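Welcome, and please open your viewer. We will take a short walk from the overall picture to a handful of aromatic rings.

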Amino acid sequence: MPEAAAADAPAAAHRPAATHGPQTRSASGTPPRQMLTEFTQYLAAERRYSPLTVRNYRRDIERFLEWLGTDDARFDPQSVTTGDLREWIVHRSESGALSAGAMNRELSSLRALFRWLLRTGAVDHDVAHGLRSLKTGRRLPAFVPESRMATVVAECREAGDDFTPARDALILLLLYGCGLRLAELIAIDRSDLAADCAQLMVHGKGDKQRMVPVPTLVRKQISRYLTLIERQNICNCAEKALILTKKGKRISRSAVYRAVQRGLADAGVQGKKSPHVLRHTYATHLLNDGADIREIQELLGHASLQTTQVYTHNSIDRLREAYARAHPRTRDGKY
């Protein structure tokens with residue numbers, strides 16, 4: 001609508017760059033939607049990113065392009081400068097809506113985009129290369145104490161033969177007993193289990209696979225669950241998934257979240273209740289019981305040991321508490 005565009009022009013001319021982005025970029029190039037489609041196809045097909053990660057990357061970049069004022073018809077990525085990216089960081093940081101960690105994730109999205117644009121020849125240099133991540137405070141992962149987790153496990157043992165309680169008990173036990181991510185749990189096919197259910201093939205991030213041991217209690221619950229879905233005719237032979245809905249379909253993320261939140265709340269767990277909390281609990285309890293940090297790294301499927309080492313801080317805090325309770329010099333206040 002030309003009249004609307006004309007009405008907006010004076011306002012646009014007076015926009016501060018650090019708050020509303022640079023002028024519209026309409027030089028020769030590719031339509032933004034086409035560029036984003038090709039980029040997300042690359043993330044999914046070549047980088048093997050999960051659908052959720054791909055969706056987040058696309059949303060981050062769309063938000064940046066909207067702020068930048070890109071033309072819907074044509075966009076020349078060569079016109080973007082490092083200064084534009086820095087202004088974007090300032091704008092997003094000053095909005096107060098993002099933590100430093102969330103801002104760093106948005107930066108990762110932009111770095112990935114410009115690396116891809118350089119690789120495809122759409123730009124002749126990577127304007128995001130020199131950008132540094134924002135400093136973040138170390139946030140220790142939340143976990144369930146062993147005494148409280150014993151209650152959760154005990155309640156899973158008593159789940160009975162009704163489908164939903166039995167399935168939800170298996171969800172809790174797999175997340176805690178095998179240290180799975182939410183996406184890994186949902187992706188399990190029945191064929192991923194060894195014949196005796198003693199091992200599980202996990203399909204992790206970046207389509208990486210790892211084999212994890214399945215504890216005896218979890219194996220027993222798997223056996224009960226498989227018998228149950230067969231007896232109640234829930235298992236659709238065309239559906240390969242292990243964790244199913246009552247209709248025999250692969251379970252959704254939201255259904256897993258609800259099962260975990262309900263199970264942990266019923267056991268009296270305080271604080272955050274999520275599938276990832278159970279994964280953190282698995283790692284923390286292994287470390288507290290003497291497992292080697294590199295073994296935990298392998299079990300969790302971490303590419304970097306540094307990622308796994310965050311759990312050592314929980315373990316050190318536990319040692320400090322034990323020392324404070326037990327050492328006679330701390331009890332009488334002399335230390």
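**The whole chain**

Start with a surface view: the protein chain exposes about 18800 Å², and carbon and sulfur atoms supply 50% of that area. Keep in mind that this is a predicted model. Of the 335 residues in the protein chain, buried ones make up 39%.

Now switch to cartoon. Among contacts with a separation of 6 or more, 63% are between residues 24 or more positions apart.

**The aromatic pairs**

Next, show the side chains of the aromatic residues; the structure holds eight aromatic pairs. Select tyrosine 49 and tyrosine 57 to begin. Their ring planes meet at 65°, over the 60 degrees needed, so this pair is edge-to-face, with the centres 5.6 Å apart.

Move on to phenylalanine 64 and tryptophan 88, another edge-to-face pair, with 5.7 Å from centre to centre and 70° between the planes. Colour helix 4 (residues 51-68) to see where phenylalanine 64 sits, then helix 5 (residues 82-94) for tryptophan 88. The two residues are 24 apart, and their pair links distant parts of the chain.

Definitions and conventions
Residues are numbered from 1 along each chain as its sequence is written. This is a predicted model: local features need pLDDT of at least 70, side-chain atom pairs count only at pLDDT 80 or more; totals for chains, interfaces and linings use all residues. Side-chain values use heavy atoms; hydrogens and water are left out. Rings of Phe, Tyr and Trp (its six-membered ring) pair if their centres lie within 6.5 Å; planes under 30 degrees apart count as stacked, over 60 as edge-to-face and the rest as tilted. Helices (H or I, at least four residues) and strands (E, at least two) are DSSP runs, numbered from the N terminus. Buried means under 20% relative accessible area, exposed over 50%, partly exposed in between (1.4 Å probe, protein chains only). Contact means heavy atoms within 4.5 Å. Accessible areas come from the Shrake-Rupley method with a 1.4 Å probe; for residues, only the protein chains shown count as cover.
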